[in-house]
Amino acid sequence: MPGQGQPPAQYGPNAGYQGAPEHAVPVQAPGYGEPAQQPGAPAPVAEPMVESPARTKLAGVRAEVAKSVVGQEAAVTGLVIALLCRGHVLLEGVPGVAKTLLTRTLGAALDLEMKRVQFTPDLMPGDITGSLIYDARTAEFSFREGPVFTNLMLADEINRTPPKTQASLLEAMEERQVTVDGDPRPLPDPFVVIATQNPVEYEGTYPLPEAQLDRFLLKLILPLPGRGEEIEIINRHAHAFDPRDLKAAGVTEVADADDLEAAREEVAKVQVGPEVLAYIVDICRATRTSPSLSLGVSPRGATALLATSRAWAWLSGRTFVTPDDVKSLAHPTLRHRVQLRAEAELEGVSAETVLDGILGSVPVPR
């Protein structure tokens, strides 16, 4: 919450960071609510940043996605951050909030190959990673690639397949390779798994274990649209909008893999002060001592928060990370890495409220 007498940090759809260059991406932070300025914390002054063609092109991604998806700007930002950080995303939302359409449109706007796999109880690991096929003509086995060999893999309803098949993605997500018959096979770059799951209908599902949840860089929540947004959705369909035909919707390629690689190199140059590094560590350590949590954030989670904060700072047009960047990304980066105690759940406590309390109690560097 903003400090008294200080205006809240503006990360809305039409606002950029104060002093940011005009080409900075004016997108909504993919966090939980608005980032906060603590009382007494000085507002950093953004340094001028050299014009970045990569940032300019990625700024057009949001406009392209908006041609087929109404709202969900925060989710679009989160997906772009995941691509910049070479991370994976868990999308959660009720059926019908455009999780699949969002991923398809993102792939089209970035000229990336996208494959979709519907996870079902009878899906086998080889159906995802690929398998060896015997060729009778050559009397040899040849490898047939599975759908994991792509740039964007949409794992639709990942919690509806057994743990054995879920685990088949672990090596691909962490090592960017698939080992079949002892032979490692590298995956394309970029490679991002975007897994979806519904927060309803838990019967017949297999919840992801904590160890596998930790492999996802971000967990993004797709809310139901507001009244105005829902009217716009219905209006588009009334005027012959077809979600299966992105070209007819006017979605075009605005960036490619080379632009993404150039952006990653620029993100790696974003500076992080020692006080901000300590702030990230203090937040993660506070989750390990919270009385409401049985599982806190691991060091992997701390490095993930560092990476996402740097990417968001770069998207905002700055060369350094601020505490507000950390706060903006704390919820989507950490919400799936903590586990509530049973008694806390019975009292109605959620991971979001626990993280809110931690962010409000950990001292902000001055």
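Trainee: How many bridges join strand β3 to strand β4?

Mentor: This is a predicted model, in which local features need pLDDT of at least 70, side-chain atom pairs count only at pLDDT 80 or more, and totals for chains, interfaces and linings use all residues. Residues are numbered from 1 along each chain as its sequence is written, and side-chain values use heavy atoms, with hydrogens and water left out. Strands (E, at least two residues) and helices (H or I, at least four) are DSSP runs numbered from the N terminus, and two strands pair if DSSP finds at least two bridges between them. β3 (residues 130-135) and β4 (residues 140-145) run antiparallel, and the bridges joining them number six.

Trainee: Which residue in the hairpin of β3 and β4 takes a positive phi?

Mentor: The hairpin has four residues between the strands. Phi is near 55 degrees there, and the residue is A139.

Trainee: Are V89 and L91 of strand β1 buried or exposed?

Mentor: Buried means under 20% relative accessible area, exposed over 50%, and partly exposed in between (1.4 Å probe, protein chains only). In β1 (residues 89-92), V89 and L91 lie on one side, L90 and E92 on the other. Both faces are covered, and V89 and L91 are buried.

Trainee: Which residue in β9 is the bridge partner of V89?

Mentor: β1 and β9 (residues 218-221) pair in the parallel sense over four bridges. The partner of V89 in β9 is L218.

Trainee: What is the omega of the peptide bond from D189 to P190?

Mentor: P190 lies in the loop between β7 (183-186) and β8. The bond from D189 is cis, with omega near 5 degrees.
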